[in-house]
Amino acid sequence: MPNDDLATLDTAAPARRDHEPRPAPSPWRRRIVVVGLLLAALNLRPAVTSLGPLLKEVRDDLGMSGTIAGLLTSMPAACFAVFGITAPRLARRFGPGAVVCTGLAAIATGLALRPFAGGTVAFLCASALGLAGIAVSNILMPVIVKGWFPDRVGSMTGLYSMGLSLGTASAAAATVPMTDALGGSWRAGLGVWAVLAGVAVVPWLFLARDRTHRRSERAAAPEPASDQPASDQPASDQPASDQPASGAAGARITRSPTAWAMAVFFGLQSTAAYITMGWMPQIFRDAGVSASTSGVLLAVIMAMGVPLAFVLPRMAARLRNQGVLAVVLGVCGLIGYTGLWLAPASGAWVWAVLLGVANCAFPLALTMISMRARSSAGVVRLSAFAQSTGYLLSIPGPLLVGALYQHSGGWDAPLALMAGLMVPQIVTGLLAGRDRTLEDEI
């Protein structure tokens with residue numbers, strides 16, 4: 001992948017006319033960014049995967065039906081779609097570092113409030129607050145990687161993805177044992193994850209106040225596009241985030257077949273991921289597996305992403321076409337879901353490993369987003385579109401699984417749905433992996 005100089009982002013920010021040299025970030029700032037990325041990644045999934053092993057207890061205590069539980073498992077995708085789309089504008093105005101800092105604070109607050117919920121509505125509201133923080137952070141991770149490490153996109157995406165997988169797996173495996181150690185209350189078992197989120201805020205407080213790199217960060221966020229060449233646009237002292245977008249601004253990216261392929265691929269892999277995180281422990285428990293072992297099996301699924309999330313982005317960055325990787329991951333998913341249908345308990349560990357491999361479509365998608373645009377501004381535009389649209393497309397999946405489970409009384413129909421969705425995921429992965437960029441198409 002070609003290295004991009006951040007100075008080229010001036011062409012994506014036509015309102016900015018100052019050409020003062022931007023000082024290179026000092027080594028200690030880059031180290032803080034690395035620590036911040038890793039801590040942020042660790043906190044972008046525990047709000048979801050800590051709930052799966054305790055979903056039965058939460059449902060019983062709060063009186064949730066299967067359909068409402070399906071709505072709860074659809075909330076991550078819904079919040080990521082609704083709140084994630086605001087991330088680029090917020091980043092232009094305040095800088096990605098400040099927005100991620102605020103997002104992590106929202107995660108910590110939501111996780112701290114959730115255990116005090118006395119009913120379903122309060123629980124959903126507290127969850128939504130934490131998920132909103134995850135949403136904006138999700139969108140901005142690729143642009144922070146591109147902006148601070150333009151020459152190390154593959155390795156830094158791998159590090160971030162590995163941290164995300166580690167946090168996901170840790171929450172799945174440790175929640176039930178911690179709940180038992182804290183007296184057996186699901187409220188304590190879920191609330192303890194707020195502490196980790198609070199720790200993650202600390203390095204981002206420094207990055208949010210770092211004015212040396214703030215200009216480069218803001219330049220990395222997308223400016224409303226226009227059909228008029230940048231050199232012909234009038235200068236303006238008004239902040240770019242406050243300038244009105246032209247009518248073509250929102251439509252231009254929708255003309256890109258690659259952007260749509262990325263969005264659908266991202267949406268399908270998100271559907272599989274959130275069905276897995278929300279319902280997989282219940283599938284194993286209904287097959288006769290204990291609650292603690294079901295949590296460990298979910299952790300195995302997520303833990304597969306720890307080594308693979310570091311390796312896959314590096315492999316993808318060396319390939320001109322990443323479609324072959326999408327096919328391999330999709331086939332693993334097909335085999336895993338088929339095995340769950342035929343022998344959910346006896347082959348549980350094998351299916352968990354295969355589904356863990358399939359789940360690595362997420363770091364592959366992140367890497368392809370970084371590779372399908374030439375500049376940081378293009379990356380964040382594509383990231384915002386692909387992730388927001390993708391999460392919007394993924395909302396019905398977990399909800400439909402919950403409804404099918406409640407009305408059929410078993411897992412045959414939901415598992416058939418999960419396996420069926422792997423086919424279009426493979427197809428769109430092939431399309432999204434083609435060697436082309438967003439700028440070539442719009």
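A residue counts as buried when its relative accessible area is under 20%, as exposed when it is over 50%, and as partly exposed in between (1.4 Å probe, protein chains only). By these cut-offs Arg436 is partly exposed, with a relative accessible area of 33%. The structure is a predicted model, in which local features need pLDDT of at least 70 and side-chain atom pairs count only at pLDDT 80 or more, while totals for chains, interfaces and linings use all residues. Residues are numbered from 1 along each chain as its sequence is written, and side-chain values use heavy atoms, with hydrogens and water left out.

The chain has 22 helices and zero strands; helices (H or I, at least four residues) and strands (E, at least two) are DSSP runs numbered from the N terminus. Of the 442 residues, 59% count as buried. The chain exposes about 16,400 Å², and carbon and sulfur atoms supply 66% of it, with areas taken from the Shrake-Rupley method (1.4 Å probe; for residues, only the protein chains shown count as cover). Contact here means heavy atoms within 4.5 Å. Among contacts between residues at least 6 apart in sequence, 84% join residues at least 24 apart.

Rings of Phe, Tyr and Trp (its six-membered ring) pair if their centres lie within 6.5 Å, and planes under 30 degrees apart count as stacked, over 60 as edge-to-face and the rest as tilted. The whole structure holds eight aromatic pairs. In one of them, the centres of Phe266 and Tyr391 are 5.1 Å apart and the planes stand at 90°, so the arrangement is edge-to-face. Phe266 belongs to helix H13 (residues 257–286) and Tyr391 to helix H19 (residues 376–394), so this pair ties together parts 125 residues apart in sequence. Tyr391 also forms an edge-to-face pair with Tyr274, at 6.4 Å centre to centre and 65° between the planes. Tyr274 lies in helix H13, so here too H13 and H19 are tied together, across 117 residues of sequence. Phe266 and Tyr391 are buried, and Tyr274 is buried as well. Phe266, Tyr274, Phe362 and Tyr391 make up one aromatic cluster. The charged end of Arg45 sits over the ring of Phe362, 5.1 Å from its centre (for Arg, CZ within 6 Å of the ring centre and within 35 degrees of the ring normal; for Lys, NZ is used).

Phe80, in helix H4 (residues 66–84), is buried with a relative accessible area of 1%. Leaving out residues up to four places away in sequence, Phe80 touches several residues, including Arg45, Tyr274 and Tyr391. Helix H19 also holds Ser383, which is buried at 0% relative accessibility.

With a salt bridge taken as a side-chain nitrogen of Lys or Arg within 4 Å of a carboxyl oxygen of Asp or Glu, the count comes to six. One of them joins Arg285 to Glu57, with the closest N and O atoms 3.5 Å apart. Arg285 lies in helix H13 and Glu57 in helix H3 (residues 55–62), so the pair ties together parts that are 228 residues apart in sequence. Asp440 and Arg374 form another, with the closest N and O atoms 2.9 Å apart. Asp440 is exposed at 53% relative accessible area, whereas Arg374 is partly exposed at 39%. Arg436 forms a salt bridge with Glu441, where the closest N and O atoms are 3.7 Å apart.
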